[in-house]
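Open the model in your viewer and keep the selection tool at hand. We will go from stop to stop, and each stop tells you what to select.

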Amino acid sequence: MSSNLKQFTREEVAKHNKPDDLWIIVDANVYDLTRFKAMHPGGLAALVDPEVAGQDATDVFYSLHRTEVLERPQYKRLIVGRIQGEESVFTAREPGDLSKVPYGEPTWLADGYYSPYYTEASSPFLKLRQFVDEYIYPDAQAREEDGKRPDQKVLDKMAELELHAMRMGPGKHLQGRKLMNGLVKPEEFDYFHELIITQELSRCGARGYGDGLLGGKVIGLPPVLNFGSEELKKKVVPEVLAGKKFICLAISEAQAGSDVMGLQTTAVKSEDGKEWIINGSKKWITNGTFADYFTVGCKTEDGFTAILVERGEGVETRQIKTSYSSTAGTAFITFDNVRVPVGNTLGEEGGGIFVILSNFNHERWVMCCASARSQRSIIEECLKWASQRKAFGKPLTSQAVIRSKLAAMIARAESVQNWLENVTYQMCNMSYKQQASKLAGQIAFLKSYSTACGQETARDAVQIFGGRGITKTGMGRFIEHYHRTIPFDSLLGGAEDVLSDLGVRQALRGMPSNARL
């Protein structure tokens, strides 16, 4: 705030305590609410209260409003001065700033802590945080309201930093690209860099938007990258990684979700054998409503085959209304005699299950990265609220039951993050084949555990925030949003129960035959 503001004493401000001359103090700044009082959402009575009108209303304000409210231009214009000799204490975090709230950041980012996993190159990579705060966060909040797909300008900005390419993980697709303006060389990019990207993007606090931000590409493009023909890759990959085209993974159907082999969509060859003719439907497909390409699982004569379908005649998409924002583009898709060149086959005919399963570990790992960071954001919200909210004359933190809930939240988030970093380290040091054999169960367990932890944290957070925790605006809006959308994490990439069973079955396959009590 400008140092040229007029200085007032508290006694001078106290004289302006009438409806036609109404001032208040919030965080050492003096606000003239005389003209604003009729527009106050809480009504006039809240402003003319003797403890508010002409008084320091800082505590009252922060019991009802978020700091970001004061940053809005229409409210900044109400400032007429400052209390003499005092400075503002509560300021909004600047773009790129790290949180100072305990457990608000993973340990490797917190002051005075160390990590065996992150290199000196990791911290500069956090320049991404400023990018997220300046470009992605505001678009996420706007799109969460109107339900539209992410702004193309944001996607273009991400492409300039090669974020779309880096979200696919390490690999040949990064060769020749300038990552984060040269912060890391393509050959040095690893899964910890990708973990940072995923966790920073998830800080936008808008679950549907997170999926809408080319979430479908993360699971829909790898089959093309790894199993498509060179001709197909040259056509599709550049425009998707440039953020100009959308792609999605179209596997789930009304009749089959985790049961991939139970899919009913069919693909039969034309009489001349040059085309596939596809018929059927897909459901709950992320990014489907605005996708240009569809990586489709089909039942064929040889079994199960993956085929890339381009939007065109016979392809119809309809929005599915879910409990999170339609900005995710969740769709019901129908294929009516859709003709696709046989050259669009991904992998071997009948080998589609291998094509699809080959990316499941990475897909679930990405979800764990986002889940861990989202839980941490909720912990920060709860710690702030419990510290500033007073009940029965004392902060919520004075109540043992609240401290117990906070303790459980922190323990869950820290355990998820530490398990995640251990798995990530293994991924960085294992071949793809080793990952498939050794980490499928670990990642399945981690995904099931992390999303179950998220659901518990969501429930506890609502209890801490009370009625505000189920209100879409105001103090508890991020709590309400998290509680409403957390079930998606527990289902996408495999339901919790299915993944837990997968982890146990893989463990049983590794049991030594001579193991006895």
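Two residues are in contact when they have heavy atoms within 4.5 Å of each other. Keep that in mind as you go. One more thing before you start: this is a predicted model.

**Stop 1: I402**

Select I402. You are in helix α15. Which residues is I402 in contact with, leaving aside its neighbours within four places in sequence? They are A386, L396 and I464. Is I402 buried or exposed? Its relative accessible area is 7%. Buried means under 20%, so I402 is buried.

**Stop 2: the whole chain**

Zoom out and show the chain as a cartoon. It has 19 helices and 15 strands. The C-alpha atoms fill a box of roughly 90 × 65 × 45 Å, taken along the principal axes. How does the radius of gyration compare with that of a compact globule? For 517 residues, a compact globule would have a value near 24 Å. The chain has 26 Å, which agrees.

Of the 517 residues, 51% count as buried.

Colour the charges. There are 63 positive and 64 negative ones. Their mean positions are 2 Å apart.

**Stop 3: an edge-to-face pair**

Time for aromatic rings. A pair of rings is described by the distance of the centres and the angle of the planes. The chain has 16 aromatic pairs. Select F36 and Y75. Their ring centres are 5.6 Å apart and their planes are at 85°. Planes over 60 degrees apart count as edge-to-face, so this pair is edge-to-face.

Look at where the two partners come from. F36 lies in the loop between β4 (29–32) and α2 (44–48). Y75 is in helix α4 (residues 73–76). The pair therefore ties together parts that are 39 residues apart in sequence. F36 counts as buried at 11% relative accessibility. Y75 counts as buried too, at 18%.

**Stop 4: a tilted pair**

Now select W419 and Y449. This aromatic pair is tilted, with 5.8 Å centre to centre and 50° between the planes. W419 is in helix α15 (residues 400–429) and Y449 in helix α17 (residues 440–465). The pair links distant parts of the chain, 30 residues apart. How accessible is W419? It is partly exposed, with a relative accessible area of 27%. Y449 is partly exposed as well, at 32%.

**Stop 5: an aromatic cluster**

Which residues form one aromatic cluster? Select W108, Y117, Y118, F192 and Y425 together to see it.

**Stop 6: H40**

Go to the loop between β4 and α2 and select H40. H40 touches A46, L47 and H65, not counting residues up to four places away in sequence. Its relative accessible area is 16%. The cut-off for buried is under 20%, so H40 is buried.

**Stop 7: two positive phi angles**

Select E162. It is not a glycine, yet it has a positive phi of about 65°. You will find E162 in the loop between α6 (152–160) and α7 (163–166). E162 counts as buried, at 14% relative accessibility.

Move on to M180. This residue is not a glycine either, and its phi is positive, at about 50°. M180 is in the loop between α7 and α8 (191–201). At 6% relative accessibility, M180 counts as buried.

**Stop 8: A14**

Finish in helix α1 (residues 10–14) by selecting A14. What does A14 touch, not counting residues up to four places away in sequence? The answer is G54 and Q55. Now pick D56, 42 residues from A14 along the chain. The C-alpha atoms of A14 and D56 are separated by 9.0 Å. A14 is partly exposed, with a relative accessible area of 27%.

Notes. Residues are numbered from 1 along each chain as its sequence is written. This is a predicted model: local features need pLDDT of at least 70, side-chain atom pairs count only at pLDDT 80 or more; totals for chains, interfaces and linings use all residues. Side-chain values use heavy atoms; hydrogens and water are left out. Helices (H or I, at least four residues) and strands (E, at least two) are DSSP runs, numbered from the N terminus. The radius of gyration is taken over C-alpha atoms; the globule rule is 2.2 Å times the number of residues to the power 0.38. Buried means under 20% relative accessible area, exposed over 50%, partly exposed in between (1.4 Å probe, protein chains only). Lys and Arg count as positive and Asp and Glu as negative; His and the chain ends are not counted. The place of a charge is taken as NZ of Lys, CZ of Arg, CG of Asp or CD of Glu. Rings of Phe, Tyr and Trp (its six-membered ring) pair if their centres lie within 6.5 Å; planes under 30 degrees apart count as stacked, over 60 as edge-to-face and the rest as tilted.
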